[in-house]
Amino acid sequence: MNSIQNIQQVLNLQIRLFIPRFQLREFLTVYNTLSERCFNACARDYTTSTLTKDEGSCVSQCIDKQMLVNRRFMLVFAEQAPKALFKQGEQSPTEAIKSAKPEQTPASQTTETPTTMSIISEHGFRIDGRRPAQIRNINTRLGLNRNAEGSCYLEHGNTKVLCAVYGPYEGKASKRLEDRCAIVCQYSTTTFSGLERKNRPRGDRKSTEISRLLEKAFESVILTESFPRSQIDIFCEVIQGDGSNLAACVNATSLALADAGIPMKGIASAATCGIVDAKPIVDLTSREETDLLPRVTVSGFSSIILLLHSKFQLATICGRDEVILVELQNRLHIDHLSVVMDAAKATCADVYECLAVVAQQHLKACAPILGH
Amino acid sequence: MEVHISDDEKLFLIHGVEQDIRNDGRACADFRPMILERGVLSGTNGSCRVQLGQTTDVLAGIKLELEAYDPIAEKQPKQPMSFHVDFSANASSQFAGKGGDQYGEELSAAFQVAYSRSLDIIPNLSKTQLAAGYRWKIHVDISVLQWAGSVPDACSLAIIGALSDLEIPEVDVTPDDGGKVSIVLKRPRIGGDVRDEEVPVAMWKLIVTSCPMLLTVSKIGTANLVDCSPEEECCIRSQLLIGVAKNLESTPESDDANEYDITCVKQHGGGLLEMESIDDMTKLATRTAKGLYEAIGNRLNTEEKRKPGHSFLL
């Protein structure tokens, strides 16, 4: 009942202060419709004059809902009405104000949108408590799949990927190359991996695209000339997707290839990086990926998936890192490109450190079997 | 996984099973050691991973969906579960692309048949019917991660595990405008009308004690086997998929024959079978189902909760 009384007070105040007659009628209509709707929806017990506890909470929820709808309508109206009122080509007042401030940079525009608030808090933390340049925990296990030559299970926080490598073997004649081996990748996600259930695990445009990207990336990592007329299969299965799926697949694949003992130029590592308020954030979760999306139209958000391939032993000394895969989703302001690239490179180096430790540990564990 | 073994090896194997000794030391009616873990994925409403002999590995995940339907067109409540089996390319490169689709569809159809009477088999499943026109749809998806024989058996155990792990939110259904209803999540009650404010949503679970199992019974030589290894699958003459469910009305005193219902029989692959053999094979299926029900019941009661995803790291 409190909320009804509150509305009544507000209404009274507005009536007394300034509202002309037609607006008063408008308000009364809203009030009457509101009370009738919520009464019909919630009041079920007619034996007492007071509301029961359940009814009370129902009424307040009902009013909140209706008021939210009302407010949303008002916002849309305020936005659309000038467009209808002012002729085409003529500037509406809001547009005029916007165009009067050309010095506004994309970054300062983004601070006005409420979505940016939720990605980095005022104290500089992200939703899951990470700093902008901090990656999620990486957990791995090698040699999980006994049927495959090499396999790897890799977790980036809640993103969980299984990767299996088959080959090199004498593959299909149609795919055979005379001078080097063919790499066949397949990326698929289990139907229960995402927030919403998917109908198909693979074959849609997005997974085919990711498969091709992986293929191209690993063609330049694996020493393909060592296995002419043969084929290597790489299968990635995302059993739980929480952002940065492609990066997790690349990392899992390079470990699985290492497990299979396939000669490579080095261990490839990958990282996803986005930009908020001209500040880069790395290793995005799916929440951050979706939150960022609406901002594409506002200023230009981007998520760069950049794959860096560092020399296996000389990574820290050499410092000359090679990029084997770059993918950009959505739009990005050109000034931000170098910022994002630098952040992604640094993250790739971090991830590489983790992967190198895993590979070395695995090698150490295998040493007695290898006879060293 | 394709296995190629020579004729002599096959002969050795067949002579062995006819004397009730298999290559790995098991008897014909024995299963390989199995591992069942629930709650392995945090992103699903219920999940389960089953490994048979550490080489067959299946992962089942359940997603709930609030579904609206036309109550006038559907007088009888439809069973709310749907099954989908996917053979991941990780299991074998022959499943790459569309390679596993045919086998997957065949298996999904078998589960759909075995669970066609799920409203009778699971006593409290009718609770998924929320109001006229609204129900919970239970999507059971199975991903075969490693393949080394008896995938249907592993899948059916994973389904039972995932169903027992499944938590369905309690909801409040209240009438709304235009004959529709509004559905609101409920907090759990702690005595009388007081609700627990700490827990966000009250959950309830399905009773899975009599869920059907899909067992593969294979004929090798004159012997009937359960849980075949890949080598044994090369020698199979004919294979039956048999769905066995515990009869709810049966009492412990009643004899075995009445205790179990056969919910599905399908021949898998080619081969000829005599009538008597089919009878023998279904009997073997019910016998092994009894042991499996006991084992899975124990496991579900005594399993300790672990962190999601932990099972893959061990």
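**View 1. The contact between chain A and chain B.** In this predicted model, chain A contributes 29 residues to the contact and chain B contributes 30 residues. On the side of chain A that touches chain B, at least two residues each come from α2 (21-42), β1 (138-142), β2 (150-156), β3 (159-169), β4 (182-189) and β5 (231-240) of chain A. Of these elements, β5(A) gives the most, with five residues. Sorted by class, the side of chain A that touches chain B consists of 11 nonpolar, 10 polar and eight charged residues.

**View 2. The surroundings of Asp227(B).** Asp227(B) lies in the loop that runs between β12 (223-226) and α5 (230-233) of chain B. Because 25 other C-beta atoms are found within 10 Å, and 20 or more are enough for the term, Asp227(B) counts as buried. When residues up to four places away in sequence are left out, Asp227(B) touches Phe31(B), Arg32(B), Leu52(B), Ser150(B) and Asp153(B). Pro152(B) is 75 residues from Asp227(B) along the chain, and the C-alpha atoms of these two residues are separated by 9.5 Å.

**View 3. An annotated segment of chain B.** The UniProt record, an unreviewed entry, places the feature "domain: Exoribonuclease phosphorolytic" at residues 30-169 of chain B.

View 4. Helix α8 of chain A covers residues 245-260, and its 16 residues should span 22 Å at 1.5 Å a residue, which agrees with the 22 Å between its end C-alpha atoms. Since 16 of the 16 residues of α8(A) are buried, this helix is largely enclosed by the rest of the structure. Just after α8(A) comes Gly261(A), whose phi is positive, at about 75 degrees.

View 5. The mean pLDDT of chain A is 77, with 76% of its residues reaching 70 or more. Over residues 100-117 of chain A, however, the pLDDT stays under 50, and the model has 22 contacts beyond four places in sequence for this stretch. Residues 293-320 of chain A likewise have pLDDT below 50, and there the model shows 85 contacts beyond near neighbours in sequence. Where pLDDT is low, the predicted coordinates should not be read in detail.

Notes. Residues numbered from 1 in each chain as written. Chains lettered and ligands numbered in written order. Predicted model: local features only at pLDDT ≥ 70, side-chain atom pairs only at ≥ 80, totals over all residues. Contact = placed C-beta atoms within 7 Å. Helix = DSSP H or I, 4+ residues; strand = E, 2+ residues; numbered from the N terminus. Nonpolar A, V, L, I, M, F, W, Y, C, P; charged D, E, K, R; others polar. Buried ≥ 20, exposed ≤ 12 C-beta atoms within 10 Å, placed from the backbone. pLDDT = per-residue confidence, 0-100. UniProt positions renumbered as here; feature names shortened; annotations may be inferred. Expected span 1.5 Å × (residues − 1).
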